[in-house]
Amino acid sequence: MNNLIEELKQLIITSLDLEDVTPADIDPQAPLFGDGLGLDSIDALELGVAVQKKYHVKLDASSADTRQHFHSVANLAKFIESQRST
Amino acid sequence: MRNVIPTRPVAISEHGALDQTAFWRRVHGLRAALASQPAQRVALVCEDSGWFAAGMLALAQTGRICVVPQAPQAGSITASGAHVGAVLTDRPGEFTEFTTLAIGDAPPAGDATASLPDDDVCIECYTSGSSGMPKCVLKAFGQLRREVAALEQQWGEQLGDALVLGTIPHYHLYGTLVRVLWPLLAGRTFVTHTCVQAAELRRWAAQHRCVIVSSPAFLQRIAAPAELPPAAQVAAVFSSGAPLADPFAERLQRDWGHAPIEIYGSTETGGVAWRVWSGSAERPYWRLLPGVQTELREEPAGMRLWVKSGFTWQSGWMATGDLARRHDDGRLVLLGRADDVVKLEDKRVSLSEMRTRLMAHAWVENVRLLLLAGPRRSIGAVVILNAAGRRQLAANGKLPTSRELRNWLRRSYEPVLLPRKWRFPEALPDNDMGKIEHANLQQLFARRA
């Protein structure tokens, strides 16, 4: 799980071309959008694409859970883990 | 303008005066030397403005295209992509990869009759294009002559017989025109070298009443107006290349007694309008130069200013890069660059408005915003921090600093519009005209910082 969290941080930085942000700057519990890392709606789209491509998980756009899954790095890791085990 | 030979010297240097006879014999001598030179396109690179003027006239009179590179270096000729057959220069040692014509070697010849080039011959000059590549602009001699006539009509009387000095190089078209051709055609004397220090201005002004041709790059760096020559010795100060920041214009008027005459224009359009400090309420208004017509044409970003005059590069109406509106009395109000409004993720945002918001933050001294290309187009912010901001940056690093500024903007803007890349240099990269070049700003984002 910790490996996955580190991997996700790196994925966020590279796929969204975030400057000046290191993995250590991303708090796994902090919100990715809004106040925390400050990602925007286009970032959300791009991160969704990157996550699906890398982890072969399926995101249901209509799912109310998606927002929850993308709330933080920790949530995202949990979601990917749960998809892998099914 | 007069075709009789004026009595005043053409130019003056520390070594003495160059009188009319000697000047025109130089021109004729250069013409004779050019006769055996097959090159049609000749770059003109001179340190001495007197030789520069003689070279330009000789090239024009012999039907050559006079190419004036953006900077007086061999690399600038190559970079501009101007394919020149020869270089006419007073520094032949620096242009060894080209066929050079050493300007001082041509023996003076002929009589001293002042004959000006035909109106249709071309001067080829370069300006920094918006893409960052030098952009070639062709000027016919007649266009330059008509612009000089407009300047003389507007300010000739005020200048009288003042000596013309400049802090801007003569190879910028504004310098060529105002510092060299205007005095030459109007019979005033110009100083043959560019004054880079205020002390040089003071030295010349101690002996002559003078006109100072300058730019914000110089005027805004003068620590105190007392460094300038006494106001009584100065007939006028011209400033062009970029707008002069209000506090400087006001301070020069208040503490020195002279507000610079600012000229708005570009290499492509020539001079368009002018203003002089007369109180902050009057600041936005520009008066047209004699012979200039303007039109406003609607575009998605706003009303773009179009110009028509005898000195625009292309005949007919020419688009400027600026948005404008017309005041009731016909004066112009410039409303910023037309490319200031950018579209990001289908949303329109004004960079100057965002800049104003950022400037209101307690850490910020100055800002430039620009659109960055890439897989995702976004705004890049170049921020000059004030002392408080620099302390924050030193103590906490770049990310917390940019986050604070981003969050500050987030109160007014949707997240997708916020700058994604931030640079905190010590100073904005300006060129020797005091203009912040788009290309220099772009370069700050070429690599991670």
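Me: In this predicted model, where in chain A does A:His56 lie?
Reply: Happy to start there. A:His56 is not a glycine, yet its phi is positive, at about 50°. As for its place in chain A, A:His56 lies in the loop between H2 and helix H3 (65–69).

Me: Which loop holds A:Asp20, and what is its relative accessibility?
Reply: A:Asp20 is another residue other than glycine with a positive phi, near 70°. A:Asp20 is found in the loop between helix H1 (2–15) and helix H2 (41–55) of chain A. A:Asp20 counts as partly exposed, and its relative accessibility is 23%.

Me: Let's turn to where the chains meet. How much area do chain B and chain A bury between them?
Reply: The contact draws on 15 residues from chain B and 18 residues from chain A. Of the area buried, 36% is on carbon and sulfur atoms. The total that chain B and chain A bury between them is about 1,400 Å².

Me: How many salt bridges does the rule find across the interface of chain B and chain A?
Reply: Over all chains, the structure holds 24 salt bridges. Across the interface of chain B and chain A, the rule finds 8.

Me: Which element gives the most residues to the side of chain B that touches chain A?
Reply: By class, that side of chain B has 5 nonpolar, no polar and 10 charged residues. The elements giving two or more residues to it are helix H11 (398–410) and strand E24 (421–423) of chain B. The one that gives the most, with 5 residues, is H11(B).

Me: Which residue of chain A forms a salt bridge with B:Lys421?
Reply: B:Lys421 counts as buried because its relative accessibility is 16%, under the 20% cut-off. With the closest N and O atoms 2.8 Å apart, the partner is A:Asp17.

Me: What N to O distance goes with the salt bridge of B:Lys398 and A:Glu19?
Reply: B:Lys398 is buried at a relative accessible area of 18%, and A:Glu19 is buried too, at 8%. This pair runs from helix H11 of chain B to the loop between H1 and H2 of chain A. The N to O distance is 4.0 Å.

Me: Which residues are linked with B:Lys398 in a network of salt bridges?
Reply: One link is the salt bridge between the side chains of B:Lys398 and A:Glu19. The residues in the network with B:Lys398 are A:Glu19, A:Asp20 and B:Arg423.

Me: Why does the pair of B:Arg420 and A:Asp40 join two chains?
Reply: The two residues form a salt bridge, with the closest N and O atoms 3.7 Å apart. B:Arg420 counts as buried at 17% relative accessibility, and A:Asp40 counts as buried at 3%. The pair joins two chains because B:Arg420 lies in the loop between H11 and E24 of chain B and A:Asp40 in the loop between H1 and H2 of chain A.

Note on methods. Residues numbered from 1 in each chain as written. Chains lettered and ligands numbered in written order. Predicted model: local features only at pLDDT ≥ 70, side-chain atom pairs only at ≥ 80, totals over all residues. Heavy atoms only, no water. Contact = heavy atoms within 4.5 Å. Buried area = accessible area lost by both parts, 1.4 Å probe. Helix = DSSP H or I, 4+ residues; strand = E, 2+ residues; numbered from the N terminus. Nonpolar A, V, L, I, M, F, W, Y, C, P; charged D, E, K, R; others polar. Buried < 20%, exposed > 50% of the residue type's maximum accessible area, 1.4 Å probe, protein only.
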